[in-house]
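Hi,

Could you have a look at it with the notes alongside?

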Amino acid sequence: MGLGKSPNPILFPMGYQLDPSIVIKHLPLFLKGVFLTVEISFFAIVIGLSIGILAAVARTSKFKILNLISAVYVEVFRNTPLLIQIFIIFFGLPGIGIKLSPYISGLTALVLYVGAYNTEVIRSGLEAVPRGQMEAAKSLGLTGVQAFLYIILPQTVRISLPALGNNWVSLVKNSSLVSVIGMVELTWVALDLNALTFRSFELFGAATIFYLILIFILINIQNFVERRFAYKT
Amino acid sequence: MRTKKFLVLLAVFSILFLISFGQGMAGTLQDVKARGKLLAGVKTDFPPFGFVDEKGVNLGFDVDVAKAIAKELFGKEDAVEFAAVTSGNRIAFLTTNKIDIILASMTITEERKKVIDYTIPYFMSGHLILVHKDSKIEKYQDLAGKKIATTQGSTGDIVIGELVPNAERTKFQHNSESLQALKDRRVEAFIQDDVLLLDLQKRNPELKIVGWPPFRPAPYGLGVRKGDKEWLDFVDAALTKIKKNGDYQKLWDKWFGENKKVLLELK
């Protein structure tokens, strides 16, 4: 599948022959990559949200030690490049006897990364719920845990949703970095086919379109959830 | 509203995709002479062909050949600037005009010939297998069903895919990562060109090389943009000249002398 052999090459005056059929030919591999990108993004979003809620609660708790652990976690993972985190988990940890598979390494890095960003978003969401709400809930006879789960948390999630959505969009884009440890996701597929067929424009162009579509879908899901959570007026 | 915006964006992108932008086919030789400097794409993770020392200086056989070509062009060896390329991106670097020539331990293959032109061969290489000392793997047939590492875009990856299609391949972007995966025992073997593995083995005594003699031998060539005959002829003439006057042999001995007995001969 190279120059001159494609059934209907598009000719350009400057001498570059575009050959979109390369993408069609390798569509199954591309779809496999899209599927893995969706899969790891989904797990990272779900697990990362749980981590974000737990770490944000720790961050705002009265216990100094929990507060400190959460603060260190957030600062370390927000202030270092994700690529370095992936390399440390995959290539660095075996040095101290911890050997994780590429899948687990990549997912762990993404979860910890998005979790740190979620923590900050949810923390500000928690702080945005008026203090009086907790007091009011307690005066109605709810325990502290009940008040948090039924009164504070739902409001926090609603307040935090738009910012969480931003984190999720970044996450899907950043998931491309796990290609460096041999995970066969969308970017890896484009890189690998490019290394074999050298049709950079067609292959990276196709990857771009796939990412645009994925993120378009994600944004629409997020808008839908936001509407469902909105105050009914 | 959002849907409409998205469709417009998608349409704009698709149009860009279709009109594309071709690269000028003006002669590289004139460009290089006008610039006063050769732009050479070399590797940084492939000793003894292309690597960097502690100070970040490019070294290796490919680097020295680039200097020899610069000498032919301008009469001085240092009229060359190096760009770091990998097996996966070197052809894109050339076709998008980022470099004038590829000197990156590149095997001549039919697939690549459709996209670039090759100079006359300048090295002969085959493939070998790097394993741990305690490994029971002796030849490539033993790799069936095993976890192995290869590097994206390398002939080692293509060749082993053809010879042992049921081996479980993990492809990394750099040789250094493939090697690390082997050292961490994530994979049982790393398949690459003989000359690279000889160097890696020397620096990692816990590993050994198996699969002798080197399988699927193929010559290396320098790569230039397709259809640029004037530039190709110039580089071919420069290579022929250093082969005749003995400079080529001196460079070969400098970088490969210690492995003279096991490396294949370029005919």
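Let me start with a helix pair: α6(A) and α7(A) cross in a right-handed way. (A crossing is called right-handed if the near helix is turned clockwise from the far one by less than a right angle, and left-handed if anticlockwise. Helices are DSSP runs of H or I with at least four residues, strands are runs of E with at least two, and both are numbered from the N terminus.)

Before going further, the ground rules. This is a predicted model, in which local features need pLDDT of at least 70 and side-chain atom pairs count only at pLDDT 80 or more, while totals for chains, interfaces and linings use all residues. Residues are numbered from 1 along each chain as its sequence is written, with chains lettered from A and ligands numbered from 1 in the order in which they are written.

**Chain A**

Back to that pair. Helix α6 of chain A covers residues 132–139 and helix α7 of chain A covers 144–174; their axes come within 10 Å and cross at roughly 130 degrees. (Axes are lines fitted to C-alpha atoms, for helices over the stretch in contact, and angles run from 0 to 180 degrees between N-to-C directions.) α6(A) and α7(A) are therefore oblique to each other; angles under 35 degrees count as roughly parallel, over 145 as roughly antiparallel, 65 to 115 as roughly perpendicular, and the rest as oblique.

Which residues meet there? From α6(A) they are A:Q133, A:M134, A:A137 and A:K138, and from α7(A) they are A:A147, A:I151 and A:I152. (Contact means that the C-beta atoms, placed from the backbone, lie within 7 Å.) By class, the residues of this α6(A)–α7(A) contact are five nonpolar, one polar and one charged. (Ala, Val, Leu, Ile, Met, Phe, Trp, Tyr, Cys and Pro count as nonpolar, Asp, Glu, Lys and Arg as charged, and the others, Gly among them, as polar.)

As a whole, chain A has nine helices and zero strands. Its radius of gyration is 22 Å, whereas a compact globule of 233 residues would come out near 17 Å. (The radius is taken over C-alpha atoms, and the globule rule is 2.2 Å times the number of residues to the power 0.38.) The C-alpha atoms of chain A fill a box of roughly 80 × 55 × 25 Å along the principal axes.

**Chain B**

The box for its C-alpha atoms, along the principal axes, is roughly 65 × 55 × 35 Å.

One sheet here is open and has five strands with mixed pairing, in the order β10-β9-β11-β8-β12 (chain B). (Two strands pair if DSSP finds at least two bridges between them.) At the edges sit β10 (168–172) and β12 (207–220) of chain B, each pairing on one side only. From one strand to the next, the twist averages 25 degrees.

Two bridges join β2(B) to β3 (50–52) of chain B, and B:D45 has B:F51 in β3(B) as its bridge partner.

Another helix pair to look at: α3 (61–74) and α9 (229–244) of chain B pack at about 110 degrees, with their axes 10 Å apart. They are therefore roughly perpendicular. B:A68, B:I69 and B:E72 of α3(B) make the contact with B:V235, B:A238 and B:I242 of α9(B), which gives five nonpolar, no polar and one charged residue.

- The bond from B:P47 to B:P48 is cis, with omega near 0 degrees; B:P48 lies in the loop between β2 and β3 of chain B.
- The bond from B:W212 to B:P213 is cis too, with omega near -10 degrees, and B:P213 is in strand β12 of chain B.
- B:N97 is not a glycine, yet has a positive phi of about 65 degrees. B:N97 sits in the loop between α4 (90–95) and β6 (101–102) of chain B.

Cheers

Conventions:
Two residues are in contact if their C-beta atoms, placed from the backbone, lie within 7 Å.
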